[in-house]
Amino acid sequence: MNKIKVLWVDDEIDLLKPHIIFLEKKNYEVATCQSGSEAIEMIDEQRFDIVFLDENMPGITGLETLSEIKAKQDSLPVVMITKSEEEYIMEEAIGSKIADYLIKPVNPNQILLSLKKNLDHSRLVTEKTTSDYQQEFRKIAMDMAMVNSLEEWIVLYQRLIYWEIALEDIEDNSMFEILESQKLEANSQFAKFVERNYLGWFQEGGAPVMSHTLFKELVKPELGDQPVLLVVIDNLRYDQWKAFEPILANHYKKEKEEPYLSILPTATQYARNAIFSGLMPLDMEKLHPEWWKNDTDEGGKNQFEDKFLAAQLKRLGLNIKSQYHKISNLKNGKRLADNFKSQRDNDLTVVVYNFVDMISHAKTDMEVIKELASTDKAYRSLTQSWFKNSPLLEVIQQAQQLGMKLIITTDHGTINVKNPSKVIGDRDTSLNLRYKTGRSLTYEDKEVLPATNPKEYHLPAINMSSSFIFAKNDFFFAYPNNYNHYVSFYRNTYQHGGVSLEEMVIPFVVLSPK
């Protein structure tokens, strides 16, 4: 194994001989020089893994040398060492992307720690993360066998997400494979839990917050003291929220994070209409037949969310000024960002942002997107990149400047589907890959949660003999006709409508402006 090569630049290098001997005994190879210009020449001629650079030297200064080094080799780590504690020097050095900043006199262990932090970081993090997860794996496995409440399931799912994000950058793929199998087992057990308890969640007392009670239970209490921006990002999984949460930290501080539960089917026309109406789909059909559309009806299924919201605000006795915006393309997003100051007098501004939904559906249709989002890790990264560069972030930044409270939530999540489940239905059967509604459905019993009586699930029936089925785990429905082509096309795409932690356990976050 090659020794790590260190270049140490200091005009008083002879005084540092004990430090250099210490590092050489630790198996580092140390080259030295006494000026910035000499250091730049050496970097041109040799390969170094890291540079220790004195800030105060005759000739070109340490900061000037740092600038030259970065212009030649931007990725070469440089540790600045200085006698001065002046703030402007620190700021200049940090702005020039130094790897570390040490104040003289330095001791050998400080130098060693800086080396390990910058050069062994990846290996040390991998080893520690792997070791910690191995211990946690056994605990999660034991806890999973004993979970018997929704609160415990939510905590367990959050732990799995924590480890999924922690493990995504380590080099040990075997740990990631173990986590994937643990997530699969968790979804299998969660589906059984939902099947046993779902109908009971519509009873008074002890019912969790779900799509149709979200506004009344969690949004309404946040209204009144300051203007609120409510952002509903369609199709946002909990891990995707965690991926872009740090981006918001510059503008907002988190006050509250309360995961809630999407209703079944975990699909936009059901779950998002339920959020804005405050009603289950069966009640929407009864009370507002002019706004509700079933799966087989023509036209868009979420065209009346603003009307549903107005009716709910009236029913809740909320006499407030509100405005609703639906953003389904970049042009609309930019227009809202450009004119957002016009929302300053609203008590409630609602923005439905469809971009994550566009990604997940585009992944099915476009090979480039399919490649960019081939795994949950890649899907998180793609969502984070979109958010960083989206008009939505501009809107949120303006909301912060206007002193608006921010609420971020979603209607349902998605799951990467991997296993086909054969289903047979008539030609009026709905087209969704994770749920079906229709007559005389034939399906694999172990792979679905059936709702043979839709009214029990507070869902409308298309006709007298209609039922619903919801796919469990990572299954997706496929018809026997043209089966192989259909399966190869949809396998490893992101879908929603069924029963899984990813689709049902979703974020609701309240943030206050910094």
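Predicted model: local features only at pLDDT ≥ 70, side-chain atom pairs only at ≥ 80, totals over all residues.
Residues are numbered from 1 along each chain as its sequence is written, and side-chain values use heavy atoms, with hydrogens and water left out.

Side chains of opposite charge can pair when their charged atoms come close. A salt bridge is counted when a side-chain nitrogen of Lys or Arg lies within 4 Å of a carboxyl oxygen of Asp or Glu, and by this rule there are 31 salt bridges.

| Salt bridge | N to O distance |
|---|---|
| Glu 180 and Lys 183 | 3.5 Å |
| Asp 376 and Lys 183 | 3.1 Å |
| Glu 195 and Lys 472 | 3.1 Å |

Glu 195 lies in helix α8 and Lys 472 in the loop between β17 (466–471) and β18 (475–478), so this pair ties together parts that are 277 residues apart in sequence. Helices (H or I, at least four residues) and strands (E, at least two) are DSSP runs, numbered from the N terminus. Glu 195 is partly exposed, with a relative accessible area of 35%, whereas Lys 472 is buried at 10%.

Salt bridges that share partners join eight residues into one network, namely Glu 164, Glu 168, Glu 180, Lys 183, Arg 237, Asp 239, Asp 376 and Arg 380.

Notes. Buried < 20%, exposed > 50% of the residue type's maximum accessible area, 1.4 Å probe, protein only.
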